[in-house]
Each structure stands twice: as C-alpha cells, then as structure tokens.
Amino acid sequence: MTLAVRVPEELSARVPVEQRGPGLDRDAVRLLVSRGTAVSHHAFVELPWLLRAGDLLVVNTSPTLAAAVDGWIGHTRVVVHFSTRGDDGRWAVELRDPDGRGTTRARGRGGEPGAPRGGGGGGRAGGPAGTEVRLVGGARLVLEEPLSARGERLWWARVSRDVPGVLREHGRPIRYAYTERDQPLSAYQTVFALPSPEGTGSAEMPSAGRPFTARMVAELVSRGVQFAPVVLHAGVASAEAHEPPYPERFVVPEASARLVGAVRAGGGRVIAVGTTAVRAVESAAGADGVVRARAGWTDLVVTPERGVRVVDGLLTGLHEPEASHLLMLEAVAGRAAVDRGYEEALHGRYLWHEFGDVHLVLPEETPHTPHCSSNHE
C-alpha cells in the first residue's frame, strides 16, 4: 500500500516532545482518532476517556538497544546497525555510511554521481562474505551470509565478543536524518520496557508506547482498562526501501494469551499499542482466533489479504506513505479509513516519526456501540 500523499519535511518530529517546551511530558503529543472514516482530534492525555472499561491494551515490553556502533573496513569508516540476535549467536547487521551530519545513509548513496560504495561492499549494501569490520573498542565483526534471499541489506555476522557488552560500552541509539541531534538511550525507552535476560532488545524503539507515562497507565487501570504484555524485538527498519519486516523474536506469555481470550469473550476490545504488538499477538493467534502462549520467531506480515484475527484497534505513529506498516493499518481499519485519517493528519499538521504524534484506530461506531463522553470529543 502506498498513499498518494507527500509528507512535508517540516512535519518530521525532530526532537522528543518534552524538549519542545518547558513543563512538557511525553504525553504532550496529539492524538488523531479514526473510527472508520469518522475522524476526531484530541490530546493524548484524553486517551483514558476514549477507551472503555473492559478494553485491553497489548503492549510491547522489549527494551531499545543502543544498536549503532562505529567501525572501519580497512581505512573506510562505516556505522554498524545491530538488528537481531540469531539462535546460533550470530547477529544480523546492516552496514551504513556516515553522512557527515551525525546520521547515516544506505551504503553508496549520496555524494557525486557514480561515487564508489563505502569500503569493500563490491556494489552491495553489505558483503562480500568474509568482509571484516573493526569496531570501536577493539571487537571485530565478520560478515558471513545475507539474512535473506530477497536482498543483501542485512547480513549474518560473527562478532569477536559479546554484542550486548559492545552496545552498552560503545553503542548509541539508531538515529535517522530527520532528527535534529543525538538523544540519550533513555529518550528511546518506553514506560513498558523491561530488561531482557540475555541482553537483547529492539534495534528501533517500539515507538507507539513512547507517549505513555506512569501517570497515564495508572489512570487507565483505574478506569478499567487492562494491559497484556508481549515481547517483540524489532529489527532494523529499511529507512530507504520500506521493505516488509524480516523475521523477529517474539514472546506471548500464557497470562497475556488468557487475558486476550477473556476480554474477547467478555465483549471488550483488543487494542494493540504499535505494529510490533500486532505482529506478536497475531503470530500467536490460531486460525480459530484463539491466542495461545508462543515464543520463537515470527515471519508474519499482516496484510489486508491475511487480515487480523484478534486485534480490534491499533494505536500507532504516523508512517511514511510508502511504509509497509500501512498494509497492517489497512488490515485493521480498511483502506478508506487509512486514506481519510492520513488526509486529516496532513491537514491538521500532525508530526511524523518516533517522536511525533499518534493515531488511534478504533472499530467504526454503530448505533448500538456506547459512545464516549462528549466532553472529550
């Protein structure tokens, strides 16, 4: 799915909302609400009044890693983005070129026409097999094979020491060109993030959870909204090509699976906080629509053709018009609702990307569906 819209550069959120003015907290973002093609505009702090007692929020507890590390191929500087830890101890990595502005670009992009790709890439984003990268701090990384037959952006690599240790000592959060400056890792952690026993996590923040504060969670719980934690360790997104996601590790615990079933049986709505939460819970749903405890790898790509089996609604950021995440949004809400919501977001000057505003997609209202208080519409 590609939307026929263009997002102006000035609508990129360049810094976290709490840095845009004194006294602002993470929850000081705007909230666009779609119910079918009906759209309303809110502050995110109104969320407790837009949900109902008995609703369930599925949240991703994966912590964000400081997944970008400087390195060199020969004398050529590269930036390594660590994506996903494999079962055999290898890591999927993306090699990128520094762009001179503190961020990165796909290898070989930019510069003069015909400029060679940065360091031993042989015309490829990674590789060839056997390419060695010296990392800051002295560790060494050797590329072994592409992660997938569909492209050579991500490669499996062996690293000479423990990667979580390298990231703790020398890593920084992955940053893209639309952001203004480097941010501390704390700016990329959500209130739901829990440390992973093996030191793994998400290469990129599960950003739909970012606006939540402890105060907001307490308010939601006090109003009868429940939370079901899941884990999906998000890999490195394709900033340029907008590829579908690669396989990712996920866990849906027994307690969360049971809670989803109970809420659905009781007539409540299952609302995923972020596309990662959708991917996790839908990966644990059988063809019968029952969610069962599962852990492992998921290669599920949620599309309108596949549809959703469990999720009734979705809270998510605003995605680029070419992003594969829009297929998931269409699966949940339908094409007309997505088109209408994004038209309103552009008209209303909402902010895009991980530090931006958020979009709540709910089932279309019917005459028999209780409506939330008009004071908060």
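Me: About how much space lies in the largest cavity?
Reply: Keep in mind that this is a predicted model. It holds 4 cavities of 30 Å³ or more. The space in the largest of them comes to about 90 Å³.

Me: Which residues lie nearest the centre of the largest cavity?
Reply: The lining of the largest cavity has 14 residues. They split into 6 nonpolar, 4 polar and 4 charged. Those that lie nearest the centre are Ser 207, Arg 210, Pro 211, Glu 354 and Gly 356.

Me: And the second largest cavity, how do its lining residues divide?
Reply: About 60 Å³ of space lies in this one. Its lining includes Ala 68, Val 79, His 81, Arg 172 and Asp 182. Sorted by kind, the lining residues come out as 4 nonpolar, 4 polar and 3 charged.

Me: With which side chain does the side chain of Asn 60 make a polar contact?
Reply: Leaving aside neighbours within four places in sequence, Asn 60 is in contact with several residues, among them Thr 190, Phe 192, Pro 206 and Thr 276. Its side chain also has a polar atom 3.1 Å from the backbone nitrogen of Ser 62. The side-chain partner, at 3.0 Å, is Thr 276.

Me: How many residues of helix α5 are buried?
Reply: Helix α5 covers residues 275-283 and is mostly covered. Thr 276 is one of its buried residues, and so are Arg 279 and Glu 282.

Definitions and conventions
Residues numbered from 1 in each chain as written. Predicted model: local features only at pLDDT ≥ 70, side-chain atom pairs only at ≥ 80, totals over all residues. Heavy atoms only, no water. Buried < 20%, exposed > 50% of the residue type's maximum accessible area, 1.4 Å probe, protein only. Helix = DSSP H or I, 4+ residues; strand = E, 2+ residues; numbered from the N terminus. Polar contact = N/O pair within 3.5 Å; in protein donor to acceptor, adjacent residues only side chain to side chain. Contact = heavy atoms within 4.5 Å. 1 Å grid on protein atoms, 1.4 Å probe; cavity = no way out; pocket = protein on both sides within 12 Å on 5 of 7 lines; lining within 4 Å. Points joined across faces, edges and corners; volume = space filled by probe spheres on them. Nonpolar A, V, L, I, M, F, W, Y, C, P; charged D, E, K, R; others polar.
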